[in-house]
Amino acid sequence: MSSILGISGDAYIDGKAVRGTQASFQAFDPAQGVEIGPDFYTVDSSQIDQACRAAQAAFDPYRATSNAQRADFLEAIGAQILALGDALIVRAMAESGLPRARLEGERGRTVAQLKLFADLLREGKWQDIRVDQALPERTPPRPELRLRMIGLGPVAVFGASNFPLAFSVAGGDTAAALAAGCPVVAKAHPAHPGTSELVARAIVQAVADCGLPAGVFSLLTGVGNALGGELVRHPAIQAVGFTGSRQGGVALMAIAAARPQPIPVYAEMSSINPVFLLPQALAARGESIAAGLAASLTMGVGQFCTNPGLVLGLAGSHFEHFSFSLAKALGAAPPGVMLTPGIAANYQRGVAHLASQDDVRAMLEPVASDTCKAFPAVFRTTSAAFLASAALADEVFGPVTLLVECADVDEMLTIAEQLEGQLTATLQMDGGDLEAARRLLPALERKVGRILANGYPTGVEVASAMVHGGPYPATSDGRSTSVGTAAIYRFLRPVCYQNFDLALLPEALRDNVPG
Ligand code: NAP
């Protein structure tokens, strides 16, 4: 074990720092191109089992805590994360290549998410209490019915590589699950194990300070798909939160569905976030839209699930002007450091694949890199070529976009109808574009979770009405969101109490006896 803010390489199981017994690994600093200590260790099957059993044992006492107790707990986690101070930011910078300002902002977002759920708990309405009074005179008589939501049980959370704080160990999935009364077994993303350990330590401290059962939170460390698979297979686990690749998400969905007791997987996977340049807006503001899109595309080196990877406009001089403005802005943008060598290699492959396609033209000469550095890229094609090749609609994670030239709004609509599910769609529109927007809207509502007018899809507000979700493959379950207070419903289920004596009813339902 090491000093208070030193990193030991340990996992946390049932409140205790524990060393994995399997393969060791180190974090990698993508900016410097070097491994960084200490060694971390992959946990074994019995350690996974121990974490899951501890979570199961903690479930009943934890969900029996009051709204106020759980709200205090969430805020205590936020306070403990802040108390980690600069050590957390410095370690996250080294493990991700992300700059200080971004990570300080992300830490603020993480604490704000915890506070948002604390406020939701204190307000109390999340339990969705419903009461149908008995109607003894009716034929047949109606019994008294009372409904409340309860937690699903222990949740497995897979931290995302691209948000080492806000979508990771104490990120949105963990905050929503803990708010719902569900213990969490988190799997540290192998790209930021030190950051994960520090945050886990903050949560473990908050668990102890709030007098909660230690099994409420565990952190598992390791590399290799076997660990995640075993975690999802464990009978104690009742739901999964995941952000990452489509391949990884689909694999976990299959494992969850094949269990003797299948469980829900809330996986956020791939999205190309189409942007529709409607004619009047393109004519009036093409240059400024190009500048806004370039900033959105290069922010965080394009490593956002909401990155605008597809832009549709009507053929003509305004689209030409827009395309060249965008290419110029992206060509002038410096290369950025990607999160991991694997993600940088995937980006290179994706860009090379686009460049090799018939009827796809590079607007910038693609620049290959043998380091984690990525250069922005922009390609252009026609609606006919786009519609003919499903591969052109695949997500390429990084600062790249594909411009599609359409003959008219009908072609835009045809493409919208053909797209897979998306997290977002954006309409760049002015007053004269209302009719075109109206025509596109029904298809967009069916395809995406958030529709923006005149904005850029990157930047997901932490607020009650936010939807960060969408039909498959944007997520595995388009009925839900992973950001915003509605995220709690992923980890809840309804229970109805029929004809219960007042003394036996849960307190929340007793308080809601109609007057
Ligand atoms: P990833 O490979 O999907 O990994 C995410 C987490 O899931 C890791 O902890 C990983 O650990 C685990 N995992 C992956 N496949 C698994 C499987 N078959 N069974 C069990 N566990 C599994 O994602 P990543 O490392 O963050 O990035 C890889 C690619 O994902 C990127 O290049 C990008 O294309 C995409 N990505 C997309 C988004 C988005 O928001 N759209 C975000 C991040 C990444 P192990 O590998 O150790 O098992």
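Along its principal axes, the C-alpha trace spans about 75 × 65 × 40 Å.

The model is predicted, with local features needing pLDDT of at least 70 and side-chain atom pairs counted only at pLDDT 80 or more, while totals for chains, interfaces and linings use all residues. Residues are numbered from 1 along each chain as its sequence is written, and side-chain values use heavy atoms, with hydrogens and water left out.

The protein is divided into domain 1 (9-269 + 475-510) and domain 2 (274-453), with bounds from an automatic or database domain assignment. The centres of the two domains, taken over C-alpha atoms, are 33 Å apart. Their contact (heavy atoms within 4.5 Å) takes 16 residues from domain 1 and 15 residues from domain 2.

The area buried between domain 1 and domain 2 is about 1100 Å², and carbon and sulfur atoms give 62% of it; this is the accessible area (1.4 Å probe) that two parts lose on being put together, summed over both. On the domain 1 side, Pro30, Asn162 and Glu268 supply 33% of the area buried against domain 2, more than any other three residues.

Between the domains the count is 1 salt bridge, defined as a side-chain nitrogen of Lys or Arg within 4 Å of a carboxyl oxygen of Asp or Glu. Arg246 forms a salt bridge with Glu420, with the closest N and O atoms 2.9 Å apart.

Some backbone details also deserve a look. Most residues other than glycine have a negative phi, and most peptide bonds are trans. The peptide bond from Gly37 to Pro38 is cis, with omega near 0°, and Pro38 lies in strand β4 (residues 34-41). Another cis bond runs from Tyr472 to Pro473, with omega near 5°; Pro473 is placed in the loop between β20 (448-453) and β21 (492-498). Asp128, although not a glycine, has a positive phi of about 55°, and this residue lies in the loop between α4 (100-123) and β5 (130-132).

Key
Helix = DSSP H or I, 4+ residues; strand = E, 2+ residues; numbered from the N terminus.
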